[in-house]
Amino acid sequence: MTIEVRNVCKSFKDVDAVRNVSLRVESGEALALLGPNGAGKTTLVEMIEGVQIPDSGEIKILEKTWAKDEHFLRKEIGLALQETRFQDRLTVEETLGLFAGFYGLNQVRTREVLEIIQLESKRDTWVVQLSGGQRQRLALGIAILPRPQILILDEPTTGLDPNARRDLWKILEDFKSTGTTLILTTHYMEEAEFLCERIVMMDQGEILADGTLAQLLDKFGEGDLIEYVIDGSNPTDETNLLGGVLSCRWDSETGQGNLTVNSISETLPKFLDLIKNSEVSLTSLECRRRTLDDLFLAMSGRHLDE
Amino acid sequence: MNSILFQLVISQFKLFFREPGVVFWSFGFPVVMAWILGIAFANKGEILRNVAIVTENPAVVSALPKWLHEKSGTVDNQLSGEAELEWEVGMNAGDQARFRFRAMSEEEAVLALKRGQISLWIEGSPETNLSYRFDPDNADARLTYLLLETAFREKISSEIKAEIRPLTMVGIRYVDFLIPGLMAMSIMNACLWGIGWNLIELRIKKLLRRIVATPLRKSIFLISHGLNRMILSAAEMLLLYIFAYFYFDIRIQGSLLALALVFLSGYCAFAGIAILISSRVQNTQSGNGMINIVTMPMFILSGIFFSYHNFPDWLIPYVEVLPLTMLTNSLRGIITEGIGLAQVIQPSLGLFGIGAVCFALGLKLYLWH
């Protein structure tokens with residue numbers, strides 16, 4: 001086992017950031033900590049990174065603790081913190097070279113990493129002149145410099161455009177094949193789904209759910225969704241009679257409703273017939289599988305991107 | 001030198017020289033300041049002293065009285081009735097004075113006084129009763145009064161002969177006083193802004209937290225900052241001295257070894273203070289405030305630009321234990337008085353002590369994350 005977090009708590013003034021969290025991460029596993037802002041993800045990973053000290057509980061990494069083996073652990077953990085700003089007027093290569101020096105690495109490794117993060121063409125560019133995506137790739141490059149056993153990335157793609165995000169995902173996907181244990185915090189469910197086999201959903205300092213995407217959807221997210229907007233009176237009573245409907249919701253103010261159903265193909269025709277034969281008009285319709293955000297909403301009453 | 005320490009120092013040099021603004025404030029500004037102040041307080045000639053002549057007669061409020069023209073030797077029909085008059089008295093340096101008189105009403109004089117345009121006004125005439133109106137606590141106004149009184153006196157007692165012999169030799173000029181003060185100020189600024197502010201900025205950028213999450217030893221990181229600024233600060237001092245040497249003909253009269261000791265101890269004191277100041281600050285506003293709280297009182301009190309001996313007696317013992325005062329006095333002693341190692345050991349130990357205490361306290365409080 002690579003990381004073991006046992007009954008860890010952490011508070012800041014009056015806020016309980018992490019409440020009695022326990023977590024085990026196996027070697028080579030890719031784990032996403034998914035949750036909205038303020039869920040406690042960053043505090044939890046900062047305790048794993050040795051940046052914060054838990055108020056209570058225990059964290060063991062590679063069978064070692066921060067109190068006794070800080071120097072060893074610093075060499076074995078690569079990390080990218082949320083919103084680190086590197087020195088504006090050092091070049092990409094100088095920045096990587098400086099951090100390589102901290103790990104006792106030479107220029108060969110710097111060049112390898114430049115290639116991995118696809119910034120060879122920007123090697124002589126000052127950091128201040130890089131785009132947001134390039135800066136995040138540089139942060140990732142610094143994290144992977146020492147060929148760490150554990151890689152911890154705190155919201156590595158927050159604020160990036162979709163293209164920059166995909167570029168970073170591609171680099172990370174390639175890097176995963178080296179067998180490094182990956183812990184990633186994010187509030188993008190697509191990122192968690194794409195990069196990690198295991199997803200841990202957090203809210204208000206607690207773990208709400210833990211498992212693979214399929215396990216989570218099976219366990220907490222039975223059924224598909226039919227979402228609609230109608231102009232007229234509430235058809236909820238009739239929709240309950242359609243058959244195959246697990247639950248239904250309708251907001252009289254906005255006209256928005258949704259049905260959780262066993263099978264879209266079975267229920268949708270009946271629903272459309274119902275609308276056709278009633279005095280209401282359908283202004284919008286969307287059918288889809290349930291997502292992690294739906295699960296999170298059902299469990300916490302909040303969306304992941306809140 | 002440890003290779004990573006060397007690498008860190010080199011990186012910081014690169015960052016320094018890639019910021020033209022920072023280079024100017026570090027190297028250019030002290031030289032420009034020395035040049036401006038050195039010029040401003042040397043060869044400036046006599047100050048023109050503005051004096052208001054107030055009359056209560058509204059009919060002649062815009063004209064200077066006849067007695068003034070007579071006194072100044074400009075009794076001339078052409079000038080009579082003018083509202084402004086310049087008068088230069090004295091023959092030798094030291095007793096020369098230049099006055100500019102302006103006729104105005106009392107209301108206008110009060111306003112001019114409030115605006116600092118005059119420091120004194122005159123009412124009446126020598127035949128009746130000449131009265132001077134000024135703030136007796138204002139030293140400049142008192143000097144103007146004394147100079148005017150001497151100039152207006154028609155018969156000067158000649159029983160006691162007095163002679164003014166101007167002192168202009170190297171070492172006692174204002175610029176000799178100023179340059180060591182500027183050197184001390186430059187060391188303080190190099191440390192507080194160069195080390196303190198840089199560390200605060202690294203914390204704000206979360207780069208400090210990122211750096212200490214690597215195997216790099218914190219001591220190496222801090223030493224690299226101290227070493228980098230020490231080299232730059234020594235270069236700043238040298239540049240300022242070279243300028244003063246060639247432009248103002250200033251020579252170091254005392255021991256170079258003593259100068260090196262004082263520089264090192266002053267640097268250590270302010271580097272320690274910089275570490276302490278930066279230990280917990282987490283945003284730009286607090287960082288600015290903290291550095292200004294420390295520097296401003298010393299700028300004012302420590303005798304950089306003017307002697308602190310004009311402050312009240314009770315304050316002077318406190319002023320003399322300020323690190324900037326100790327550093328300035330020691331540098332001034334070495335450069336202008338020619339003192340040696342023995343005389344600077346005590347203040348240097350004091351400065352090393354201040355540095356050590358602040359550094360230890362700063363490290364204890366330091367917020368790395």
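In which sense, parallel or antiparallel, do strand β6 (residues 150-154) of chain A and β7(A) pair, and over how many bridges? They pair in the parallel sense, over five bridges. Two strands count as paired if DSSP finds at least two bridges between them. Helices (H or I, at least four residues) and strands (E, at least two) are DSSP runs, numbered from the N terminus.

A word on the model before going on. This is a predicted model, in which local features need pLDDT of at least 70 and side-chain atom pairs count only at pLDDT 80 or more, while totals for chains, interfaces and linings use all residues. Residues are numbered from 1 along each chain as its sequence is written, and chains are lettered from A and ligands numbered from 1 in the order in which they are written.

**Strands of chain A**

Let us stay with β7(A), which spans residues 181-186. It is mostly covered, with six of its six residues buried; buried means 20 or more other C-beta atoms within 10 Å of the residue's own, exposed 12 or fewer, and partly exposed in between, with C-beta atoms placed from the backbone. A:Thr181, A:Ile183 and A:Thr185 point one way from this strand, A:Leu182, A:Leu184 and A:Thr186 point the other way, and all are buried. β7(A) also pairs with strand β3 (residues 30-34) of chain A, in the parallel sense and over five bridges.

Elsewhere in chain A, three strands form an open sheet in the order β2-β1-β4, with antiparallel pairing. β2 (15-25) and β4 (56-61) stand at its edges with a single partner strand each, so one side of each is left without a neighbour in the sheet. On average, neighbouring strands here are turned by 20 degrees against each other, direction ignored. Strand β1 (residues 3-12) of chain A pairs with β2(A) in the antiparallel sense over seven bridges. Here are some bridge partners to look up in the structure.

| Residue | Bridge partner | Strand of the partner |
|---|---|---|
| A:Val5 | A:Leu23 | β2(A) |
| A:Leu33 | A:Thr185 | β7(A) |
| A:Leu153 | A:Leu184 | β7(A) |

Helix α1 (residues 41-48) of chain A lies across β1, β2 and β4 of chain A and runs at about 125 degrees to β1(A). Axes are lines fitted to C-alpha atoms, for helices over the stretch in contact, and angles run from 0 to 180 degrees between N-to-C directions.

**Chain B and its helices**

Chain B has 13 helices and five strands. Of its 369 residues, 36% count as buried.

Have a look at helix α8 (residues 218-247) and helix α9 (residues 256-277) of chain B, whose axes come within 11 Å and cross at roughly 135 degrees. That makes α8(B) oblique to α9(B). Their contact involves B:Leu222, B:Gly226, B:Met230, B:Ser233, B:Ala234 and B:Met237 of α8(B), together with B:Phe263, B:Tyr267, B:Ala271 and B:Ile275 of α9(B). Angles under 35 degrees count as roughly parallel, over 145 as roughly antiparallel, 65 to 115 as roughly perpendicular and the rest as oblique. Two residues are in contact if their C-beta atoms, placed from the backbone, lie within 7 Å.

**Where the chains meet**

The contact takes 17 residues from chain B and 20 residues from chain A. On the side of chain B that touches chain A, α1 (3-17) and α7 (207-212) of chain B each supply at least two residues. The largest share of that side, five residues, comes from α1(B).
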